[in-house]
Every structure is written in structure tokens, then in C-alpha cells.
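Biologist: I would like to learn how to read a few features of a model. Could you take me through them one at a time?
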Amino acid sequence: KTADEILAALEQREFIPFYQLQFRADSLEVDGVETLARWATPDGRLLGPDAFLSVAEELGVVAEIDAMMLSAALDDFRRWQTLGLNIPKISVNVSYRRLSDPALMKHLRTLDFQPGTLSFELLESIFLDQCDAQILQRLADLRDLGIALEIDDFGTGHASIVSLLKTAPDALKIDRELVKGIVDSTEQRQLLRSIIDIGHSLGICVVAEGVETGAHVGILRDLGCDVLQGYALAKPMPAAHLADFINRQQMAQDLTRGRSTAKGPVAPADASSANAIDVSSLL
């Protein structure tokens, strides 16, 4: 039944993007936004990938969902730019099947985006160990188009340093399972410091996922992590909520830094935009 529902959802374009903001560790300024697929079912439910990804993989339609998310994300990104929002880049997940599609490059050349504003996230577990000469050439072609490459969920697979040297990603995203224990575990902090040092030695930006508390923010900043992403800073949200969220966070930061000319307190966020703690308290 689920397989039929997923195929119908593709036809009805029920897969929609949610967005999770990413922040510079040193300043907590917005560094980018990750696109996350959600399934808006006809009965009003909003389902995450756990509810559909495995079946979509069996059906061979993950690449179609990827393409749908990319198209919607670029539309939303252009809208945010029109609104004057300072979001430097947007990232989307790309499956190995999609990356291997001979028609991918032709399609990408028809899209309207500025070089340097789009990143492809590739799962470490299904990517680095399968990186043959054809895929390496595809990665070079993507770079020629101005598309950055990020390795997602780093630390959960079996990637070697040699693999990183071959693929030369622009960013590594440390998996949330490795980030979760750093508050209480010295060993976990040492492991993350090693990963960050390796990334930096190769000229790779290091992003931490699963940043859930202010303590995580402080520790990751001290460890030298470049970019932070997680519920402590912003939960995934629909495109319509992003502008209000960013504007409120900017006002809060301006007040904290004494740059605001506002004569009264910032109004509290409404329920639709209350997706994070006040980042100004972490500066």
C-alpha cells in the first residue's frame, strides 16, 4: 500500500521542502540552509524521510524526489533573495542514483542559480566507497557549474582519508550521533577535535549536525567547528516561516550587540516562528 501511495504522492507533488538554517559558529550569523524532504499526505499528516525513504529506494524514485526538492528549493531561494534575506547558499540532498544519471548535467545547465549559492549533500555511507572514475568526473563537472559538494553524516560510514583526498569536498557534516555526547564525554570531544583538524588540514569546512543545547554551541565553537546546525538554533520549518524567523533573530542579535535603534523590546515570536532558542544569548 505504501508503495502505491508514494507513487501517487509523486504524481500529486505531495513531497515538499522544509528548511533548516545553518549558522557560523563564531558569530551565529546565517551561513546557509539545508533542504529537507517532507511528505504532506492528503489526510493532513507531515511525514519525515523515515516514513518513506526506504520504500522510495526500493521503488527507485529517490532521484525523482531529489529533483522535486531541488526545483522547489531554487524557487524559494530566489524568493528569499527578492525579500533581501541574507542567506548565502542552499543545500539539497542528492542520491547516488541521481548523481549517476547521465541526464543530470544537462538538466542542471538549464537551471537558474548563481555559482556558489548551491551545494549538493552526498551521504558518506553510500558515496565515498563507491567513488569510481566516472563519479569523480561528475564531481568535477558539478564544480565547473559552481555547485559545492558536502559529505553528509560523516563518521557513520567507512570513509578513508584517501577517499577525502580523491573527492575533495567543500564541507564535511559531522553526524549527530558523534555530536550528541560531547557535553559529557572527553573522548567524544577529542574525536570531534580530530575530525575538525583533519578537515581543516585538507581545506574543508566542518559542519556539526545535531546541535541541541547551548552547551553544544560553546563546546563546538571552542573545538574550532566552522558551522552549526540543530534544534538549539533552528528547527526545520516551511519556506513561508523563514523570513520572519531570520528577521526576529537579527533584531535580537542587534539588541544584544547594541546596534539596534529600536525604542522598545522585540515582540515575542508567534507560534509559527518559535523554532529555536534566542541565539543572541549564545553570542
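Modeller: Start with burial. Buried means under 20% relative accessible area, exposed over 50%, and partly exposed in between, with a 1.4 Å probe and protein chains only. By that rule Trp39 is buried, at a relative accessible area of 5%. This is a predicted model: local features need pLDDT of at least 70, side-chain atom pairs count only at pLDDT 80 or more, and totals for chains, interfaces and linings use all residues. Residues are numbered from 1 along each chain as its sequence is written, and side-chain values use heavy atoms, with hydrogens and water left out.

Biologist: How many aromatic pairs does the structure hold?

Modeller: A pair of aromatic rings is described by the distance of the centres and the angle of the planes. Rings of Phe, Tyr and Trp (its six-membered ring) pair if their centres lie within 6.5 Å; planes under 30 degrees apart are stacked, over 60 edge-to-face, the rest tilted. The structure holds four such pairs. One of them joins Phe15 and Trp39: tilted, 5.6 Å centre to centre, 35 degrees between the planes.

Biologist: Which strands hold Phe15 and Trp39?

Modeller: Helices (H or I, at least four residues) and strands (E, at least two) are DSSP runs, numbered from the N terminus. Phe15 lies in strand E1 (residues 15-24) and Trp39 in strand E2 (residues 30-40), so the pair ties together parts 24 residues apart in sequence. Phe15 counts as buried, at 3% relative accessibility. Trp39 also pairs with Phe52: edge-to-face, 6.3 Å centre to centre, 85 degrees between the planes. Phe52 sits in the loop between strand E3 (46-47) and helix H2 (53-59), so this pair ties together parts 13 residues apart in sequence. Phe15, Trp39 and Phe52 form one aromatic cluster.

Biologist: What is the disulfide count?

Modeller: A disulfide is a covalent bond between the sulfur atoms of two cysteines. The cut-off is a pair of cysteine sulfur atoms within 2.5 Å. The count here is zero. For Cys205, the nearest cysteine sulfur is that of Cys225, 7.6 Å away. That is too far for a bond. Cys205 is partly exposed at 24% relative accessibility, whereas Cys225 is buried at 5%.

Biologist: Which residue classes line the largest pocket?

Modeller: Ala, Val, Leu, Ile, Met, Phe, Trp, Tyr, Cys and Pro count as nonpolar, Asp, Glu, Lys and Arg as charged, and the others, Gly among them, as polar. On a 1 Å grid over the protein atoms alone, a pocket is an open set of points where a 1.4 Å probe fits, with protein on both sides within 12 Å along at least five of seven lines; lining residues have an atom within 4 Å of a point. The lining has 18 nonpolar, nine polar and 13 charged residues. E2 gives the largest share, five residues.
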